[in-house]
Structure formats: C-alpha cells, structure tokens
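User: Hi! I'm new to reading protein models and would like to go through one step by step. Could you help me?

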Amino acid sequence: MFWEKGYAATSIADLTEAMEIGAPSLYAAFGSKEALYAEALGHYRDSNEAFVWAGFFAADTARGAVSSLLMDSAAALTGCLADMPRGCMVTLSAVGSEGNAELGERVRSARAITFERLRARLDRGVAQGEIPAAVDLDALARFVQTVQSGMSILARDGAGRAELEGVAEVAMLGWDTRVDVTRLPSPGPRPAR
C-alpha cells in the first residue's frame with residue numbers, strides 16, 4: 001500500500017484491509033503507522049534490491065555496472081521481473097515533505113546509498129584505468145542516479161520496459177561521451193554552487 005499510494009495517502013484502514021488484520025493488531029505488532037512504514041522500507045530493500053543491483057555488482061567494468069543498473073532498473077521498475085507496483089518505493093517517496101522528519105531522513109539515507117555505490121564503482125573504474133582521472137565522478141554518479149530516478153517516475157506514469165531501456169541506452173551514450181578523455185571539455189571556471 002505504501003509503495004502504491006505513498007505514506008500520507010495510505011490510511012490505517014488501507015493497511016488493515018491489505019494485511020487482513022484489525023487496527024488493534026496493527027498497533028500491537030508495529031506500534032504506529034510510522035514504525036510500519038520503516039519496516040516496509042526494510043522489507044522493500046531486502047526483497048527487491050537484487051533485481052536492480054545484482055548485475056551492477058557482478059559487472060567487470062564500471063561501464064558494464066552502470067549499464068546493468070539502468071537496464072535492470074528498466075525491467076524491475078516496470079514490473080517485468082516480479083509482480084510488484086511500478087516505480088521505486090524509495091525514489092517516489094515524499095515522506096520527508098509530508099511532515100515526518102524522521103521517516104524523511106530514513107528515505108533520504110536509502111536514496112543516498114545509490115550515489116555511494118555508484119561513486120565507489122566509479123572510483124574503482126579510475127583506479128583500474130577505465131575512467132580518466134579528469135572525469136568529475138560526483139557529477140557522473142549524480143547523472144546516473146538522476147536517470148534512474150527519472151526512470152522510476154516514468155514507470156509510475158506508465159512507460160514500458162522498452163521505453164525505459166531506450167532511456168538507458170541514451171544515458172550510456174552520455175556516459176561514453178563523458179568518459180572519453182579526448183572529448184572532455186577543457187577545464188574552465190566552475191559556477192558557484
């Protein structure tokens with residue numbers, strides 16, 4: 001229910017109906033809607049992470065890892081790998097803006113894992129000579145993360161696997177352009193952030 005409707009729009013009645021229990025049982029088991037949501041996030045991670053990350057971790061190159069992440073995301077986010085809602089529960093969560101700071105921080109931390117994993121794999125790519133040291137790895141990791149997040153939104157809006165695979169292919173063209181040292185723009189002043 002949280003994945004399909006979001007935290008705020010999911011009522012206790014929705015939860016008890018989906019779980020086929022009464023409200024007292026829900027509160028006895030979890031204590032609160034917030035605690036149940038936290039449990040749901042953990043279950044989501046444990047149940048779905050391999051769909052998107054297994055190929056990433058198994059790839060021999062940084063490029064292969066990123067391509068696997070995006071292609072596997074295209075399949076997972078559209079429900080092609082398992083019977084599940086479209087999009088990513090974590091990416092699509094607006095719980096931080098719904099007035100619950102603690103849950104918002106939990107969701108932001110879950111999203112940050114994507115950047116951390118990408119950045120670590122890109123660092124390895126530099127160490128292995130696959131990626132030139134001149135490449136802005138933070139920007140490249142954020143680019144990939146942003147593409148994957150956008151794919152989640154498009155999947156929720158009804159885009160199919162083939163459409164998202166097309167997005168992944170275009171993103172990899174961007175990767176190739178950015179990682180090719182002969183095409184890197186000459187360093188100039190960076191705008192203030």
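Analyst: Happy to! One term to start with: two residues are in contact when they have heavy atoms within 4.5 Å. Also keep in mind that this is a predicted model.

User: Thanks! How many helices and strands does the protein chain have?

Analyst: Reading along the sequence, the pattern is α-α-α-α-α-α-α-α. The count for the protein chain is therefore eight helices and zero strands.

User: What share of the residues of the protein chain count as buried?

Analyst: A residue is called buried when its relative accessible area is under 20%. The protein chain has 193 residues, and the share that count as buried is 37%.

User: How are the axes of H4 and H6 oriented to each other?

Analyst: Two packed helices are described by the angle between their axes and the distance between the axes. Helix H4 covers residues 33-58 and helix H6 covers residues 101-127; their axes come within 11 Å and cross at roughly 15 degrees. Angles under 35 degrees count as roughly parallel, so H4 and H6 are roughly parallel.

User: Which residues make that contact, and how do they divide into nonpolar, polar and charged?

Analyst: H4 brings Glu34, Tyr37, Ala38, Leu41, Glu49, Trp53, Phe56 and Phe57. From H6 come Leu103, Arg106, Val107, Thr114, Arg117, Leu118 and Arg121. The residues of the contact between H4 and H6 divide into nine nonpolar, one polar and five charged.

User: Is Asn48 buried or exposed, and which residues is Asn48 in contact with beyond its neighbours within four places in sequence?

Analyst: Asn48 is found in helix H4. Its relative accessibility is 14%, so Asn48 counts as buried. Setting aside the neighbours within four places in sequence, the residues in contact with Asn48 are Trp3 and Met84.

User: Last one: how much of the accessible surface of the protein chain belongs to carbon and sulfur atoms?

Analyst: The accessible surface of the protein chain comes to about 10300 Å². Of this surface, the part belonging to carbon and sulfur atoms is 55%.

Note on methods: Residues numbered from 1 in each chain as written. Predicted model: local features only at pLDDT ≥ 70, side-chain atom pairs only at ≥ 80, totals over all residues. Heavy atoms only, no water. Helix = DSSP H or I, 4+ residues; strand = E, 2+ residues; numbered from the N terminus. Buried < 20%, exposed > 50% of the residue type's maximum accessible area, 1.4 Å probe, protein only. Areas by Shrake-Rupley, 256 points an atom, 1.4 Å probe, with all protein chains shown as cover. Axes fitted to C-alpha atoms, helices over the stretch in contact; angles between N-to-C directions. Parallel < 35°, antiparallel > 145°, perpendicular 65-115°, else oblique. Nonpolar A, V, L, I, M, F, W, Y, C, P; charged D, E, K, R; others polar.
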